[in-house]
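This report goes through parts of a structure one by one. Keep the sequence and the 3D view open while reading.

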Amino acid sequence: MDRREFLKTAGAASGAAALAACGGNVGGSIAGLDPMGHHTDEVPIGKMTYRTNPNTNDKVSILGYGMMRLPNRQLDPSSDQRPTPAEEIDQEQVNRLVRYALDHGVNYFDTSPAYSRGYSETATGIALKASGYDRSKYYIATKLSNFSPAQWSHEEGVKIFQNSLKFLQTDYIDYLLLHAIGGGGMDTLHKRFLDNGVLDYLLEQREKGVIRNLGFSYHGDVTCFDYLLSKHDEYKWDFVQIQLNYVDWYLAREMNPNNTDAEYLYNELDKRDIPAVIMEPLLGGRLSKMPDHVVATLKQRRPDDSVASWAFRYAGTKPRVLTVLSGMTYMEHLQDNIRSYSPLQPLTQEEQDWLENEVARLYYSYPTIPCTNCQYCMPCPYGINIPAIFDHYNRCVNQGTMPESAQAANFREARRRFLISYERTVPRERQADHCIGCRQCVSHCPQNIRIPEQLRRIDGFIEKLKQGTLTSAENIE
Amino acid sequence: MLKITRRLLALIFWLGITFLFLDISGVGKEWFGWMAKMQFLPNVMQLDIVMIVLLLLLTLFLGRIYCSIICPAGVLQDFFAWIAGWKIFRRNKKAKFHNRYRYSKPKTWLRLAVLLIFIIMIVAGFNAVFIILAPYSAYGRMVTALLQPLYIDANNMLAAWSEANDNYMFSVVEPNTLPSILAWVAAISALVLFILSIYGGRTYCNTICPVGTFLGYVAKFSWLKMKVNEDNCIKCGLCERNCKAACIKVEKGKPVVIDYTRCVVCGDCQQVCSKSALHLAPTSSNVSVAPATTKTTDKSSDMSRRNFLTLTAGLLYTAAIHGQDKTTDGGLAVIEGKKIPERLTPLTPPGSLSARNMQQHCTACQLCIAKCPNNVLRPSQSLNSFLQPEMQYDKGYCRPECTTCSEVCPAGAIRPITVEEKTAVQIGHAVFVKENCVVFTDGVSCGNCAYHCPSGAIQMVPDSEGYTLNSENGRWYDADGNMVDTRNVPMIPSVNTEKCIGCGACEYLCPSRPFSAIYVEGHEVHREI
């Protein structure tokens with residue numbers, strides 16, 4: 001199966017969901033031709049930048065492979081159950097991507113028992129085995145993802161960890177994380193790891209060498225982050241995974257009081273010499289799918305570089321960063337990211353300041369919803385396709401195709417396009433008007449989006465569009 | 001000349017009405033809605049005196065051209081007969097004309113009996129079953145049940161293409177939810193018309209069709225009629241042999257007799273007459289006597305043609321009734337389909353005034369059903385409102401901005417209504433079924449019915465007593481005077497039936513499946529708020 005065929009299949013299979021999931025660099029390919037018609041930019045091999053883990057002396061590639069947004073394919077292509085066909089992971093394609101990544105110097109693979117409807121670890125294990133690389137040549141990171149209260153016992157915690165070893169076909173984990181501490185606050189942290197002895201068990205496993213590095217990933221309540229760091233002397237965190245990108249550096253808290261600025265998180269780790277693993281460097285692809293105005297601003301500086309490459313170079317420039325994770329669904333994303341880091345050209349201080357301040361503010365001036373399509377909220381028990389609704393809305397905002405007021409010249413056409421593409425992206429019974437506001441999703445969202453309120457806001461806008469009662473004064477704002 | 005003009009006009013009307021039924025874009029009703037409003041029986045049903053008088057005047061002037069041009073079922077029969085007359089289906093391929101018809105005696109008793117029963121049934125208000133005989137609505141049922149599903153399939157294929165190419169020319173349309181009984185009725189009507197027309201031309205129109213019978217007796221008195229100039233007539237019988245209405249009697253030695261109750265003024269006789277002996281002429285002009293010619297017999301149907309044609313009709317039919325719904329799956333929770341609750345009183349759309357008004361006026365032509373953009377209107381399957389529209393809310397609800405059915409109805413069964421008027425018409429009221437409510441079955445807080453109610457008729461109230469509502473801030477307080485966090489107390493919908501208009505937003509958007517925890521019960525007579 002060649003790439004074109006794969007793209008076709010994957011595109012057809014997951015439709016808009018796949019589009020949304022492409023944490024990627026659409027429209028930003030660097031490859032080009034010189035005036036003589038030769039390719040100027042082959043994907044380089046052997047030029048990858050590596051960072052050293054001070055605890056184990058691992059030489060980790062600055063590009064880490066996030067196994068959260070794996071390519072899917074339609075289970076039964078003939079069934080055509082549009083627009084949400086039954087899907088499964090396209091293992092053949094995963095194998096190909098992983099092998100390609102290893103060939104080009106990527107050696108950090110980050111998965112979790114929760115990812116990709118629970119199939120990510122298995123798919124990762126198969127792909128790494130199939131790559132033919134020796135186990136010592138790559139590092140596996142996985143997580144203890146005991147989110148459901150039913151999994152809060154010691155036995156369940158141990159079982160999850162043992163299953164990880166089994167699914168990943170290995171007898172040790174290089175990097176193990178307490179998954180997403182901060183969600184639910186200190187109470188949940190206690191119940192998940194501290195009171196039931198699961199953390200003690202993991203520390204034990206580290207002693208035995210089954211876990212080579214122990215750390216945690218953080219989203220949400222910052223008291224949990226502070227608490228675990230305050231216990232650094234006791235637990236000796238080998239690494240911590242945080243969300244870092246140029247829009248979250250100074251503005252995360254300003255945009256949502258429940259979130260924490262990346263600047264604070266990074267500096268806390270830096271103070272304690274703890275290596276930082278970076279997640280959401282691209283905000284689920286949102287920093288590559290920027291509004292035209294922002295794209296123009298970035299392109300003006302480096303016309304040949306993809307929009308996404310700025311975000312990757314930004315995250316890689318911070319010296320305490322061990323690796324920058326990217327959930328790469330398509331080969332083109334992988335290739336572009338390898339180019340960005342082979343080798344990393346660090347940003348100047350002026351460039352960093354410019355991204356953190358001007359570009360970030362410009363970005364936030366567009367009223368998009370900060371959904372990274374991580375799918376943690378899914379499946380919604382009432383069938384709502386939450387990420388697809390947010391993605392459709394964000395895309396219309398970013399493309400400037402929002403129908404704004406009935407008085408606008410292109411209103412009729414914009415309204416038609418918005419409503420048709422909404423129906424195409426999300427089937428009727430999965431649309432925002434079916435959200436009952438039960439709030440079960442809210443605690444799952446790592447970005448602390450007030451999902452029911454946002455769905456109702458979008459639904460209110462759509463109602464106005466349908467009823468033709470949208471006036472220039474009351475837009476979606 | 002008459003024939004060409006007739007054919008051209010008939011084609012325009014036929015295609016226009018067919019498109020009106022098929023169309024899913026909304027332009028059909030803008031462009032061709034008036035053609036449905038010209039149909040005779042629907043106008044009788046709503047006693048639109050102006051249009052009835054106009055159609056009667058037309059008939060008194062020119063004869064039954066209504067049957068040849070305006071009635072889509074009439075034109076459909078001409079179309080079938082035209083195809084059956086193609087040379088490849090003829091036994092004698094050299095003959096210039098088909099010569100396949102023959103004069104038949106008028107079945108006066110049958111015609112009048114059907115008409116009489118028809119009138120009695122309509123006056124008695126039991127029109128639902130006999131309306132099946134009405135020509136325009138029969139045609140509407142055929143297009144809606146047999147052709148529109150194919151049209152929507154084709155549209156959806158184009159929509160898939162459109163989506164793949166990222167343009168917005170076509171969008172996916174959900175097929176109407178139609179019971180198989182409608183397809184059966186439509187298919188049988190189509191088959192009967194097909195067989196009668198390929199063998200006997202206008203047999204249906206001249207024996208069964210109540211509109212045809214009525215207009216036929218009016219046409220008897222029309223000013224212009226097809227007349228034979230006996231001076232030119234050689235009694236060759238070509239006109240008789242090619243008269244699809246079987247109303248021309250040519251006998252040697254006798255003047256040609258034309259039964260004007262059956263003549264649909266198609267002009268075919270005029271065209272075949274080699275002596276130009278036939279003309280549309282005022283009643284007063286003379287008809288002279290001339291010798292008659294002999295008859296010939298020519299049966300021109302063979303098995304292969306019959307087989308071919310029935311086979312095609314069969315294919316068309318099976319293609320039309322294939323399944324509609326598919327369930328979805330993926331990384332998403334499976335959504336169980338909604339089931340339709342049993343309603344004591346069926347729901348009829350705003351503008352229909354009452355169940356009785358609907359029953360008495362509707363000709364079951366399916367136009368409103370074909371046009372409903374929210375998939376709310378369905379053909380009823382109960383006997384006393386057979387195939388007339390009723391509302392169901394499992395696929396959508398009667399949206400506040402839509403008045404499509406009231407705009408297209410030609411029969412006055414759904415009277416024109418504005419969006420503003422619609423907000424004040426109570427077609428039914430919502431009823432809460434506590435056992436189904438997710439507040440209890442799933443232990444979650446909900447309130448989606450109240451949130452989406454367009455008339456504000458639903459309020460969420462605590463399930464148990466002992467709470468008081470503060471009228472100033474709209475919050476609930478417990479017995480100790482503490483404000484209640486409504487997320488912790490089960491809140492259930494309470495319906496203010498004085499405000500409820502029965503639109504079904506609550507029923508459609510209720511998360512409880514397969515049966516909604518709130519559903520709409522119809523009102524026999526619609527009320528105004």
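## Helix H3 of chain A

In H3(A), the buried residues are Ser120(A), Glu121(A), Ala123(A), Thr124(A), Gly125(A), Ala127(A) and Leu128(A). These buried residues pack against several elements of chain A: strand E5 (87-89), helix H2 (91-103), E6, strand E7 (139-144) and helix H4 (154-167). The model is a predicted one. In an α-helix there are 3.6 residues a turn, so residues three or four places apart point the same way.

H3(A) covers residues 120-131, which is twelve residues. From its first C-alpha to its last it reaches 16 Å, close to the 16 Å expected at 1.5 Å a residue. Gly132(A) follows H3(A) and has a positive phi, near 85°.

## The barrel of chain A

Eight strands of chain A form a closed barrel with parallel pairing, in the order E3-E6-E7-E8-E9-E10-E11-E12. From one strand to the next, the twist averages 25°.

Gly66(A) has Asp110(A) in E6(A) as its bridge partner.

Is strand E9(A) largely enclosed or largely open? Seven of the eight residues of E9(A), which spans residues 211-218, are buried, so the strand is largely enclosed by the rest of the structure. In a regular strand, side chains alternate between the two faces of the sheet.

E9(A) is paired with two strands named here. Strand E8(A), residues 173-181, runs parallel to E9(A) and is joined to it by six bridges; in E9(A), Tyr218(A) is the bridge partner of Ile181(A). Strand E10(A), residues 239-243, also pairs with E9(A) in the parallel sense, over three bridges. There, Gly215(A) stands opposite Phe239(A) in E10(A).

## Helices H9 and H14

Helix H9(A), residues 248-255, packs against helix H14(A), residues 349-364, at an angle of about 40°. Their axes are 10 Å apart. On the H9(A) side, Trp249(A), Tyr250(A), Leu251(A) and Met255(A) take part, and they meet Glu356(A), Ala360(A) and Tyr364(A) in H14(A). By class, this contact has six nonpolar residues, no polar ones and one charged.

## Helix H15 of chain A

Helix H15(A) has 13 residues, 386-398. At 1.5 Å a residue it should span 18 Å, and its end C-alpha atoms are 18 Å apart, which agrees.

Ten of the 13 residues are buried, so H15(A) is largely enclosed by the rest of the structure. Just after the helix, Gly400(A) takes a positive phi of about 70°.

Chain B has 529 residues, of which 46% are buried. Its secondary structure consists of 21 helices and twelve strands. Among its contacts between residues at least 6 apart in sequence, 77% join residues at least 24 apart.

Technical notes: Residues numbered from 1 in each chain as written. Chains lettered and ligands numbered in written order. Predicted model: local features only at pLDDT ≥ 70, side-chain atom pairs only at ≥ 80, totals over all residues. Helix = DSSP H or I, 4+ residues; strand = E, 2+ residues; numbered from the N terminus. Expected span 1.5 Å × (residues − 1). Buried ≥ 20, exposed ≤ 12 C-beta atoms within 10 Å, placed from the backbone. Contact = placed C-beta atoms within 7 Å. Pairing = 2+ DSSP bridges. Axes fitted to C-alpha atoms, helices over the stretch in contact; angles between N-to-C directions. Nonpolar A, V, L, I, M, F, W, Y, C, P; charged D, E, K, R; others polar.
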